[in-house]
Amino acid sequence: MIASKSRFLFSVLLGGACVLAAPGAAAQNWVTLLKNTPAESFDDEDLRLFLDTARKVLDGGAPENQPVSWENPKSRNRGEMTVLRNFESKGRSCKEVRVRNESRGRKSDNRRILCKVDDRWRLVSESQLKGK
């Protein structure tokens, strides 16, 4: 029962995160951001708050090095996202983002690079930035 609920919540979380990413193969990139993190135990409200924060940070022009936080008082889950730098790569707008989440005593702290491709933010690796 608990394993089934965890799989369901992770599926919901991953599906929601894909709203920010492009359809198809690019959605697979989001798995690395969410897999094996506290985000696996987010409920629907946590997911909504997380995605709203991601939209603010990526599309809302959040200033560099100023965390944008979210918190769900019911679940006590929380997190923050911080734009570490804005830059261009291959003519595309990119951001290096720090993503911190906490749920049920589990914490994560990750840095990811996202670039805007076809009006969608996509996770990219350092090697993709270098063209390898």
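User: What makes two strands a pair in this predicted model?

Analyst: Two strands pair if DSSP finds at least two bridges between them. Strands (E, at least two residues) and helices (H or I, at least four) are DSSP runs, numbered from the N terminus. The model is predicted, so local features need pLDDT of at least 70, side-chain atom pairs count only at pLDDT 80 or more, and totals for chains, interfaces and linings use all residues. Residues are numbered from 1 along each chain as its sequence is written, and side-chain values use heavy atoms, with hydrogens and water left out.

User: Why are strand 1 and strand 2 called a pair?

Analyst: Four bridges join strand 1 to strand 2 (residues 78-89), and the criterion is at least two, so the two strands pair. The strands run antiparallel; Val68 has Met81 in strand 2 as its bridge partner.

User: How do you know that strand 4 pairs with strand 5?

Analyst: Strand 4 and strand 5 (residues 120-124) share five bridges in the antiparallel sense, which meets the requirement of at least two. Cys115 stands opposite Arg122 in strand 5. Two residues separate these strands in a hairpin, where Asp118 has a positive phi of about 55 degrees.

User: What makes strand 1 and strand 5 edge strands?

Analyst: Five strands form an open sheet in the order 1-2-3-4-5. Strand 1 (68-71) and strand 5 each pair on one side only.

User: Which helix packs on the sheet?

Analyst: Helix 3 (residues 44-59) packs there, touching strand 1, strand 2, strand 3, strand 4 and strand 5; contact means heavy atoms within 4.5 Å.

Methods
Axes fitted to C-alpha atoms, helices over the stretch in contact; angles between N-to-C directions.
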